[in-house]
Amino acid sequence: MAGRTVRVGGLPAELPPDRVADKLTIHFLRSRNGGGEIADVQVLGGSQACALITFEALEVAQRILKAKNHVLSIGGKKYPLEVTSHVAELSPDEVARSRRLLP
């Protein structure tokens, strides 16, 4: 999955996460948006809601990151999206485990 996942911010907070996930899937599948086949979409709630989109191919994620001005249109409203590369962070437990494994 390394490099194939992008983080998408600027999501509409007033819509249910499943509807946002559907709209993001449609947007990022379209070749005119630089998209391609998607392996997974996760919408994460909270004060700064975002989505993690994992593409089948690394090249698609790279195209998405290069493309500027991703705008999601839902019900006549336009939502500018902030697309960045996603770097998985290790939890403190995972860091501790990996240190124990080192010689």
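# Exercises on a predicted model

The side chain of N33 has a polar atom 2.8 Å from the backbone oxygen of H27, a polar contact (a pair of N or O atoms within 3.5 Å; within protein, one must be able to donate a hydrogen and the other to accept it, and residues adjacent in sequence count only if both atoms are side-chain atoms). The model is predicted: local features need pLDDT of at least 70, side-chain atom pairs count only at pLDDT 80 or more, and totals for chains, interfaces and linings use all residues. Residues are numbered from 1 along each chain as its sequence is written, and side-chain values use heavy atoms, with hydrogens and water left out.

## Exercise 1

Find where N33 lies and state whether N33 is buried or exposed.

Solution. Step 1: N33 sits in the loop between helix 1 (17-29) and strand 2 (38-44). Helices (H or I, at least four residues) and strands (E, at least two) are DSSP runs, numbered from the N terminus. Step 2: N33 counts as buried because its relative accessibility is 17%; buried means under 20% relative accessible area, exposed over 50%, and partly exposed in between (1.4 Å probe, protein chains only). Step 3: leaving aside neighbours within four places in sequence, N33 is in contact (heavy atoms within 4.5 Å) with H27, I64, A67 and H70.

## Exercise 2

Check the length of helix 1 and decide how its buried residues are arranged.

Solution. Step 1: the 13 residues of helix 1, at 1.5 Å a residue, should span 18 Å, and the end C-alpha atoms are 18 Å apart, which agrees. The expected span is 1.5 Å times one less than the number of residues. Step 2: V20, A21, L24, H27 and F28 are the buried residues of helix 1. Seen down the helix axis, these fall within an arc of 130°, so they line one face of helix 1; the arc is that of the directions from the helix axis to the C-beta atoms. Step 3: D18 and D22, on the other side of helix 1, are exposed. Step 4: the cover over the buried residues of helix 1 includes strand 1 (5-9), strand 3 (50-55) and helix 2 (58-66).

## Exercise 3

Describe strand 3 and its partners.

Solution. Step 1: 6 of the 6 residues of strand 3 are buried. C50, L52 and T54 point one way, while A51, I53 and F55 point the other way. Step 2: strand 3 pairs with strand 1 in the antiparallel sense over 5 bridges, and T54 is the bridge partner of T5. Two strands pair if DSSP finds at least two bridges between them. Step 3: strand 2 also runs antiparallel to strand 3, joined by 6 bridges, with A51 as the partner of V43. Step 4: strand 2 and strand 3 form a hairpin with 5 residues between them, and G46 in the turn has a positive phi of about 115°.

## Exercise 4

Which residues touch the most other members of the largest nonpolar core?

Solution. Step 1: a nonpolar core is a set of buried Ala, Val, Leu, Ile, Met, Phe, Trp, Tyr and Cys residues joined through side-chain atoms within 4.5 Å. Step 2: the largest one has 19 residues, of which V6, V8, L24, F28, I53, F55 and L81 touch the most other members. Strand 1, helix 1, strand 3, helix 2 and strand 4 each give two or more residues to this core. Step 3: beyond its neighbours within four places in sequence, I53 has contacts including V6, V8, L24 and F28.
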